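Me: I have a structure open and want to go through it piece by piece. Can you take my questions as they come?

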Amino acid sequence: MKIPKSITSEGPFAIGIPAIVWQVLFFCLPILLIVITSFIEFSEIGEVLGFTFEKITYFFNPIYFRVIGLSFALALSNALICFSLAYPLAYFLAFRGRRFKSVLLFFLLIPFWTNFLLHVYAWFYVLEKHGFVNNLLLSLGIIQEPLVLLNTPIAIMIMMAYYYLPFMVLPIYSSLERFNPSLIEASYDLGASWFQTFRQIILPLTMRGIRAGFFLVYIPSFGEFAIPGLMGGDKIMFVGTVVSEFILAEGTGSLGAAFMVISGALLLISAIFFYFLLGRLSGRAHG
Amino acid sequence: MAKPSYIGPVGHILLVASTYLFLWVPIIVLLAFSFNSEVFPAPWKSFTFKWYIELIQNIYLWKTFVNSLIIAFSSTFISILMGIFLIFFVAQGGRFGKYLNLFYGSVIIPETVLGVSLLGFFGLTSISLGLATLIVGHTILGLGFVVPLVYARYLELDTRLTEASLALGATPLQTFFKVTLPLLKPTLISSALLVFIISFDDFILTYFCSGSSTQTLSLYILSMIRSGVSPVMNALSAVLLFISSIMVIIYFHLSTRGKIFL
């Protein structure tokens, strides 16, 4: 190309570098360092003594296996709950919202753009012993005694789904927006049922959005420590909880880093697995 | 035309309506109690503005608010500026495509991992934690959105426009500032809003990289929640919801149809 070359002659070429340098210096390097430190033995004053696997094997303990397992369960169930709430919503926004579409999107984005700790706080009002849900159920006569909802796994799941729902809705919505609705009509004209159309046309063609939404929910859910801590009353330990406790306690920082590296590696493996699984799900429908 | 679906239009509307109830009931309850003269769990007594007055008088809270604003403005400014530089670099014929994956890293790695890694990095390099370290960290979060969004928009631009500008005798620098940059303006502003709100509301990274001397609004809210119910927090929520509504409206105006990304 001729024109870009003529532009090259003007202005310093290195101007594009800051973003890359920043990203390498404050993102790649810290993560690399944390991985390396989990294999290095330090003396009391911080000298490097040598290579060690001890910090990794420290966590070969059923207690920590359980923590990792629970985090996988939390992340996966949250992604599935969000998907089942988000898909009908995104579908509605894309195809049935009509003139209410921007209003609906507006009311979806406002909670999403407000500090999530305030939503945690809001849910206290709903789930408390004298809160909204208990008052409603008591006055309807469905229950006689107030239910204990706070500090339970249910409270954690509700809050997780609440916070992560828009992360699932928006990518699915944008892929449905790009989807050509006349394909649905073509499918019906050719005699397919609603389910066949959904399974073989809509789902595969919006798989990009589903996959993006899945990872935007699954990955941060795995490392979450604030929501389980606040809604679960610190009773159930997840990876994020263990890591933050190790890191912020005195002298156990590098152990926390090691645990994070182990669970991060497992998360990465599972993410690769789901990436191909979701790809297969859409691929098979084509065949 | 309405598309037939498995649950039928009425069922679908009910499903969507209940999802919106799920999203908004807690917020409405929260807002209602910001006007109640009695502290929850006492039932409704009388209408009052006293919690809003207490909110305005809470000097410590506004200090943390200002900290959050400083961090959000700085990290937004730095990441947008770097984004513009990067586009300039690409417009000069610089090859960037292969580095793009670098910036997706912030999405595929949990923020907890980033926070802990940065904390370790600052510890190792003996950089003391504070506003500066938070700005550095939040800029990483910001770049993860700005770079992919602005770069993708740049690739979509009609190259004939820049060619026409150059053919009509504008210098490459003029072309960049008078053609390319104005075309990218909506994307730049909407990603700036996104970065600003992400930084302002950030909790996880801030929790690890703030140190003991610097407190942001998120951390202050956390300490308030931990100590129990306070109607001042309800009043604060109302104010913050109002601010984010305005930002969402601006964001909407800028996003072209179907291009709403997060």
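Reply: Read along its sequence, chain B has the pattern α-α-α-α-α-α-α-α-α-α-α. This is a predicted model, in which local features need pLDDT of at least 70 and side-chain atom pairs count only at pLDDT 80 or more, while totals for chains, interfaces and linings use all residues. Residues are numbered from 1 along each chain as its sequence is written, and chains are lettered from A and ligands numbered from 1 in the order in which they are written.

Me: How many helices and strands does chain B come to?

Reply: Chain B has 11 helices and zero strands. Helices (H or I, at least four residues) and strands (E, at least two) are DSSP runs, numbered from the N terminus.

Me: What pLDDT does chain B average?

Reply: The average for chain B is 87, and 94% of the residues score at least 70. pLDDT is the predictor's confidence in each residue, from 0 to 100. For the complex, the predictor gives an ipTM of 0.86 and a pTM of 0.88.

Me: OK, the contact. How many residues from chain B and from chain A?

Reply: Chain B puts in 81 residues and chain A 77 residues. Two residues are in contact if their C-beta atoms, placed from the backbone, lie within 7 Å.

Me: Which helix gives the most on the side of chain B?

Reply: Helix H1 (residues 8-33) of chain B, with 13 residues on the side that touches chain A. That side of chain B divides into 58 nonpolar, 19 polar and four charged residues. Ala, Val, Leu, Ile, Met, Phe, Trp, Tyr, Cys and Pro count as nonpolar, Asp, Glu, Lys and Arg as charged, and the others, Gly among them, as polar.

Me: What about H11 of chain B, which residues are buried there?

Reply: Among them are B:Met233, B:Leu236, B:Val248 and B:Tyr251. A residue is buried if 20 or more other C-beta atoms lie within 10 Å of its own, exposed if 12 or fewer, and partly exposed in between, with C-beta atoms placed from the backbone.

Me: What do the buried residues of H11(B) pack against?

Reply: From chain A, helix H5 (101-112) and helix H6 (116-127); from chain B, H1, helix H2 (50-57), helix H8 (172-201) and helix H10 (217-226).

Me: Switching to the largest nonpolar core. How many residues?

Reply: The core has 141 residues, and A:Ala86, A:Ala90, A:Met159 and A:Val169 have the most contacts inside it. Helix H8 (residues 153-177) of chain A supplies the largest share of this core, 17 residues. A nonpolar core is a set of buried Ala, Val, Leu, Ile, Met, Phe, Trp, Tyr and Cys residues joined through C-beta atoms within 7 Å.

Me: And what does A:Ala90 touch?

Reply: A:Val169, A:Ile172, A:Tyr173 and A:Leu176, leaving out residues up to four places away in sequence.

Me: Which loop does A:Asn151 lie in?

Reply: The loop between helix H7 (132-139) and H8 of chain A. A:Asn151 is not a glycine, yet its phi is positive, about 60°. A:Asn151 counts as partly exposed because it has 16 C-beta neighbours inside 10 Å.

Me: Is B:Ser126 buried or exposed?

Reply: B:Ser126 is exposed, with 6 other C-beta atoms within 10 Å. Its loop runs between helix H5 (111-124) and helix H6 (131-156) of chain B, and the phi of B:Ser126 is positive too, near 55°.
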